[in-house]
Every structure is written in structure tokens, then in C-alpha cells.
Amino acid sequence: MAGQSQEQSLREELTCAICYELFSDPVMLECMHHFCRACIQGYWGRCPRVASCPQCRREFSSRTFRPHYLVSGVVEKVRKCSSEDHKRKMQKHLENALQARQREMENIVQMKHTAEEDICSLTKASGELNSKIRAEFERLHQILEEKERVVLMELAKEEEQLLLRLRGDIMQLEEGISELRENIEHIQEILNKTEDSLLLEVESMAIRPPVRVRAQPSLDIECHRERYSGPLQYIFWRQMLQSIHPAPAPLTFDPESAHPNLILSKDLTAVTESDRRQPVCSSPKRFQQCVNVLGSETFDSGSHYWEVWVGSKTKWDLGVAAESVDRAAKVKLCPENGYWALRLRNGTEYWATATPWVRLAPRSCLRKVGVLLDCREGKVAFYNAEDMTHLFTFHQAAARRFCPFFSTCFSDGKLNVEPMRICHLTL
Ligand SMILES: [Zn+2]
Ligand SMILES: [Zn+2]
């Protein structure tokens, strides 16, 4: 409103007192009053006497005026600003600005919404993880508590049996003592009699036979102690390992699947690559192009965990393959081709064979890699088996059957000769 009234008063200031329009070609008289050039000339033309100002009536000796460029400029500006065209332009400009701000607003509201959704997802995921971790520990606690209960029960039972035996021994010994005491007294009596009688009778007198006490082996307390001391944590830890889920998969290599250049150890847990082909029977299961080999066991349900020693090898691939992978062709390692794998190249570059490949940056060099396959969730996860840090997880892995997958890769000169091994988990 203030803006409007200011504009109104400016318009009044710039209005000619003769034609009541905005000045057109304004001129200033000596009295400092302004009029349109044509208006003042017309006014003076119509009055034959001395020229005067129509506003203040001051009379002038000559009919002179001066053009006023400053006022002229201001008038032009006001005229232009009040034109319809200008108004439309300004309106358009404001509308555009409004729309831009509205779009910005929508964006920011959307971003806020996304952040709020993220908070929900995070809270939900953390909650689920929290329950999962609790459940896992609960299971470990249960196993440990059960072990503790069993071993304490065994200890108590053994103590009870030993006590029973020892108490029995004591009873027997006490019986022997009292019998012996009577015996001693009896002999003593006879002995006393001999002083004032002949010893002739002694031979015929009944001397009870000596007391027989069954000799018991003495209690081996050290043996008892040893059974329940020792490295208890190791003992229980080893027992606990049998309760771990998923149980470590006792894998071996499947020789029938091995590329002819691969040499497997006798126990089928180590593989090296040779520059010469081995005499092998031909099999549709055998890899023809890539120096690959699969595990002897295949999986279609449950979850499974195994560890692979890669030591100081400079090149390797390992993970999980669909049983149906094309073994005759040379194929790119990717989930679309049935491979969910990790690979090492050039001694230090670790990659997950996702599409596209993902470069990994483990905190330390990988010497032993843990592979977790969860058939139900379609998940293949990799860990540094030396400290169990997580490396990468594939989701939506789908196959009728999954096989553990290994590749020594072709020798990198002499650098890559170290065999790749399947580790059988022991404590
Ligand atoms: Zn005028
Ligand atoms: Zn005047």
C-alpha cells in the first residue's frame, strides 16, 4: 500500500497542471514550475498579454523556458513502468520466480522426506540386527551354559561316587578296627593267664584268625584334579566349534571339474596350476578354457561357510558358481553368468565381480578368505577370515544349485605358484 501511494504522489509530481497528463517533453519556467512544452506554448499563444505561469501567476518579461532532461527521464521511466507490456513482463518474471521457488520447495520437501524414510529404515535395520546379534549370543550363551552345567554335574557325580567308595572303605576299616580290638583284648587276656598257669592250654585255646580288610587302591586325587583343570577354555572352545552354525563345510575339490592344467593334492584340498596339461579323462563337468575348479559338494538349501587360503598368491578368483555355468567357454565372471566371486589382480587389486565390478579396499592383504553362502536369502558374502572383517556381499544370487568356485589363474611368472587351499576349520 505504501508503495502504491508513493507511486501515486510521484505521478502527481510529474503531472502537467495544464493537460493533467504525465509531462510530455517537460520544460521549466523561471518560477521553477514545469509544463509540457506544447501545453505552455499553447497557453502562452492563447494569452496575448505578458507571459505568466499558469500555476503561480508570476509574469515574465520574455517567453522563455528551459527543457528539463532530468524530469523528462523520470517521466519516461514512470510511463514505461506503467505500460501494460512492462506489467506483463514483470508479472511473467515474478511468475517464473515463483514457479522456480515452488520447484525448489518440492525438491527440498522430497529430500526431507527421503531423509526421514532413511531414519525409519536405519532404525528398522538396526533393530533387526540387534535382535539377530542377541539371538546369536543367546545361542552361544546357551551352549556354554549347557557345557558348564554338564561338566559341573559330571564333577559332582564323580565326587559323589568317590565319596561313596571312601565312606565304604572307612566303614570296613572301622569294622576291622573293632574286630581287631576285640582280638587284641582276647589275646591279652590269655597272655595274662599264662603267668599263673601252664602254657599247655594255649595251644588248644581258640585264637581268632587275623582280621582281613580288603586292600583298596588309594584315591588318585591328582588324576581327579587333572580331569577338571587343564586348559578348560580350549577344551570347551573346541567343543563349541561343533555347535557353530553354519558348520564349517569340510570341502574338497572336485577333480572331475578341474581344468587339465590344474594339479590337485592327494587329499584334494590344495591346487596349483602347471604349465603342462595333465592326462585327464574328458568330462562335460571339466572346465576347458579357464583354470577353474569347483568344490566337491554342491548346495541348494541352508547356509554354508568355508575358508580358502590364498596366502601370498598374486592372482586368484574364488567364491560361488552356479552348477550350470558354461564350462567349455571362456566367460566373464559376473552374476549374470552365474559367478559371485572375489578376485585379486596385480598382487594388490581386489575386485568383487558384480556388474560393474567393484574395487575393494580391505584394511590388510587377504591371506585367508571366508565365504558365506545363504541359499535361502540368495546371499554370497566374503570376509577376511583372519579378522572376520566384512569385504563384500552379493544379493539376489539365484541358481538351482550352487558350487564353491576356485581359480588359481594362470601363473604370473613364478610369483603365483603358491597353492590355493581349502581350509578345514580346526581350533
Ligand atoms: Zn501538458
Ligand atoms: Zn509558476
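**Exercise 1. The zinc site**

Task: Which residues coordinate the zinc ion (ligand 2), and what geometry has the site?

Solution: 
- Start with the donors. In this predicted model, Cys31 (SG), His33 (ND1), Cys53 (SG) and Cys56 (SG) coordinate the zinc ion (ligand 2), at 2.1 to 2.3 Å.
- Next, take the angles. Among the 4 donor atoms they run from 97 to 117°.
- Apply the cut-off. Four donors count as tetrahedral if all angles lie between 85 and 135 degrees.
- Conclude. The site of the zinc ion (ligand 2) is tetrahedral.
- For reference, the ideal angle for four tetrahedral donors is 109.5 degrees.
- Finally, read the donors along the chain. Their spacing is C-x1-H-x19-C-x2-C.

**Exercise 2. A sheet and its helix**

Solution: 
- Write the order. It is S2-S1-S5, with antiparallel pairing.
- Strand S2 (34-36) and strand S5 (66-67) each pair on one side only.
- Check one pairing. Strand S1 (residues 26-28) is joined to S2 by 3 bridges, and the two run antiparallel.
- Find a facing pair. Pro26 stands opposite Cys36 in S2.

**Exercise 3. Two packed helices**

Task: How do helix H4 (residues 84-194) and helix H5 (residues 221-228) pack?

Solution: 
- Two numbers are needed: the angle between the axes and the distance between them.
- For H4 and H5 the angle is about 170°, and the axes are 11 Å apart.
- Therefore H4 is roughly antiparallel to H5, since angles over 145 degrees count as such.
- Now locate the contact. Val151, Glu154, Leu155, Glu158 and Leu162 in H4 meet His224, Arg227 and Tyr228 in H5.

**Exercise 4. Around Arg421**

Task: Where is Arg421 found, and which residues is Arg421 in contact with, leaving aside neighbours within four places in sequence?

Solution: 
- Arg421 lies in strand S18 (residues 420-423).
- Its relative accessible area is 39%, so Arg421 is partly exposed.
- Beyond those neighbours, Arg421 contacts Thr269, Ala270, Glu307, Val308 and Trp309.
- Take Val308. Arg421 and Val308 are 113 residues apart in sequence, but 5.6 Å apart in space, C-alpha to C-alpha.

Definitions and conventions:
Residues are numbered from 1 along each chain as its sequence is written. Chains are lettered from A and ligands numbered from 1 in the order in which they are written. This is a predicted model: local features need pLDDT of at least 70, side-chain atom pairs count only at pLDDT 80 or more; totals for chains, interfaces and linings use all residues. Side-chain values use heavy atoms; hydrogens and water are left out. Donors are N, O and S atoms within 2.8 Å of the metal (3.2 Å for Na, K and Ca); water is not among the atoms, so sites may look incomplete. Four donors count as tetrahedral if all angles lie between 85 and 135 degrees; four count as square planar and six as octahedral if opposite donors are over 155 degrees apart and all others between 65 and 115; anything else is irregular. Two strands pair if DSSP finds at least two bridges between them. Helices (H or I, at least four residues) and strands (E, at least two) are DSSP runs, numbered from the N terminus. Buried means under 20% relative accessible area, exposed over 50%, partly exposed in between (1.4 Å probe, protein chains only). Contact means heavy atoms within 4.5 Å. Axes are lines fitted to C-alpha atoms, for helices over the stretch in contact, and angles run from 0 to 180 degrees between N-to-C directions. Angles under 35 degrees count as roughly parallel, over 145 as roughly antiparallel, 65 to 115 as roughly perpendicular and the rest as oblique.
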